[in-house]
Amino acid sequence: MSQLVQFTKQDGVATVTIDNPPMNVLSTRVAQAIKDIFLQIKEDPEVIAVIVTGNGDRAFMAGADIKEFPGWIELGKEEVRKIAKANHEVFNLIEDLRQPTIALLNGFTLGGGCELALACDIRIAEEHAKLGLPEVNLGLFPGAGGTQRLPKLVGPAKAKEIMFLGEAITANESLSIGLVNQVVPKGEGMRAAKSMAQKIAGQSLQALSRIKKAVNEGADQPLDSALELELNLFTDIFSTEDVREGVQAFIEKRAAKFTHK
Ligand SMILES: C/C=C/C(=O)SCCNC(=O)CCNC(=O)[C@H](O)C(C)(C)COP(=O)(O)OP(=O)(O)OC[C@H]1O[C@@H](n2cnc3c(N)ncnc32)[C@H](O)[C@@H]1OP(=O)(O)O
């Protein structure tokens, strides 16, 4: 397997580390390696929560590999569409993953890197991280989900400002607009991400995956059909072994031991 992306797992938590120095850019090969790893995680019964980060302390990911773009410019429309669609597929795979995902932003989180972070459920940023969608500076615009996922998180006006100006914002500004969940000192990110991931991994994946599905799919629907979705998922959860265990554990005044069944 490619070493451009590393994968480890411990106690229900998988850690995916992008390792493409110096800026962990999203080359075509990195995108394929991320896809391969997430396809594996999707089917892994031992993984309940996932952390995604970049190697080193300079970048989570500074975007797509701009040095591949001259080649793109020479391609026909069909070929460009194919490459762009492949990026959409990778980020959709991550967004739709049944397991919760935490992006640990440990430096520059730009362009495709910011779009990768947006496809995750939760974002924790180290204080020195800079976030942005600077594609406009190259005469293009975010094409790996940024125009759709950023406005959902921060509202259309702030998202347009970020994309029109192409300027990176600080971790603390990102926190103030809801783009990240938490800001921690430089070097403390993995500890914070692991602490959150371990708490999540102690819950039932049956419940976690339904929370994710209800929130993600409900957001694109009118309230009445979104509530119908919630109703169906809530009805379903009562047939799981984990709900029996969770309720019994409460009654017996002990900690629940979920089996994710
Ligand atoms: C569908 C998705 C589209 C996109 O994502 S488009 C790309 C969006 N991203 C960007 O526009 C960011 C581009 N990079 C930068 O602006 C800067 O870099 C940084 C602010 C991230 C860091 O600046 P500094 O600390 O001064 O480092 P440095 O010398 O510019 O970069 C170190 C090496 O990394 C290469 N690099 C940085 N970002 C990219 C990239 N996105 N694609 C390809 N290479 C990149 C540089 O060129 C250089 O390389 P060398 O040492 O050989 O000169």
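Q: Which side chains meet in a salt bridge at 2.9 Å, N to O?
A: Those of Lys152 and Asp220. Keep in mind that this is a predicted model.

Q: Are Lys152 and Asp220 buried or exposed?
A: Lys152 is exposed, and Asp220 is too.

Q: Why would side chains pair up like that?
A: Side chains of opposite charge can pair when their charged atoms come close.

Q: How many salt bridges does the structure hold?
A: It holds 14. One of them joins the side chains of Asp44 and Lys9, at 2.6 Å from N to O.

Q: Is Asp44 buried or exposed?
A: Buried, because its relative accessibility is 11% and the cut-off for buried is under 20%.

Q: Which residues are joined with Lys9 into one network?
A: Asp44 and Glu46. Salt bridges that share partners tie Lys9, Asp44 and Glu46 together.

Q: What about Glu79, what does it form a salt bridge with?
A: With Lys82, and their closest N and O atoms are 3.4 Å apart. Glu79 and Lys82 are both in helix α3 (residues 77-96), and because they are 3 residues apart there, about one helical turn separates them.

Q: Buried, partly exposed or exposed: what does Glu79 count as?
A: Partly exposed, because its relative accessibility is 35%. Lys82 counts as exposed, at 56%.

Q: Switching topic: how many residues surround the ligand?
A: There are 19, and the closest are Ala62, Ala64, Ile66, Lys67 and Gly112. Sorted by class, the shell has 11 nonpolar, 3 polar and 5 charged residues.

Q: Which atom of the ligand does the backbone of Ala62 lie 3.0 Å from?
A: A nitrogen atom; the Ala62 end is a backbone N or O atom. Ala64 has a backbone N or O atom 2.7 Å from an oxygen atom of the ligand. For Gly112, a backbone N or O atom lies 2.8 Å from a ligand oxygen atom.

Q: How much of the ligand does the protein cover?
A: It covers 62% of the 970 Å² of accessible area that the ligand has on its own.

Q: Which elements give two or more residues to the shell around the ligand?
A: Those are β6 (108-110) and α4 (112-119).

Q: Tell me about α4, how many of its residues are buried?
A: 8 of the 8, so α4 is largely enclosed by the rest of the structure. The buried residues of α4 include Gly112, Cys114, Glu115 and Leu118.

Q: New topic, the backbone. Which peptide bond is cis, with omega near 5°?
A: The one from Pro21 to Pro22. For context, most peptide bonds are trans. Pro22 is in the loop between β2 (13-18) and α1 (28-42), and because its relative accessibility is 56%, Pro22 counts as exposed.

Q: How far is the C-alpha atom of Pro22 from that of Asp57?
A: They are separated by 9.8 Å, and the two residues are 35 apart along the chain.

Q: And phi, what's up with Asp11?
A: Its phi is near 50°, a positive value in a residue other than glycine. Most residues other than glycine have a negative phi. Asp11 is in the loop between β1 (5-10) and β2, and because its relative accessibility is 62%, Asp11 counts as exposed.

Q: What is phi for His260?
A: Near 70°, a positive value in a residue other than glycine. His260 lies in the segment after α11 (241-251), and with a relative accessible area of 23%, His260 is partly exposed.

Terms used. Residues numbered from 1 in each chain as written. Predicted model: local features only at pLDDT ≥ 70, side-chain atom pairs only at ≥ 80, totals over all residues. Heavy atoms only, no water. Near = heavy atom within 4 Å. Polar contact = N/O pair within 3.5 Å; in protein donor to acceptor, adjacent residues only side chain to side chain. Areas by Shrake-Rupley, 256 points an atom, 1.4 Å probe, with all protein chains shown as cover. Helix = DSSP H or I, 4+ residues; strand = E, 2+ residues; numbered from the N terminus. Nonpolar A, V, L, I, M, F, W, Y, C, P; charged D, E, K, R; others polar. Buried < 20%, exposed > 50% of the residue type's maximum accessible area, 1.4 Å probe, protein only. Salt bridge = Lys/Arg side-chain N within 4 Å of Asp/Glu carboxyl O.
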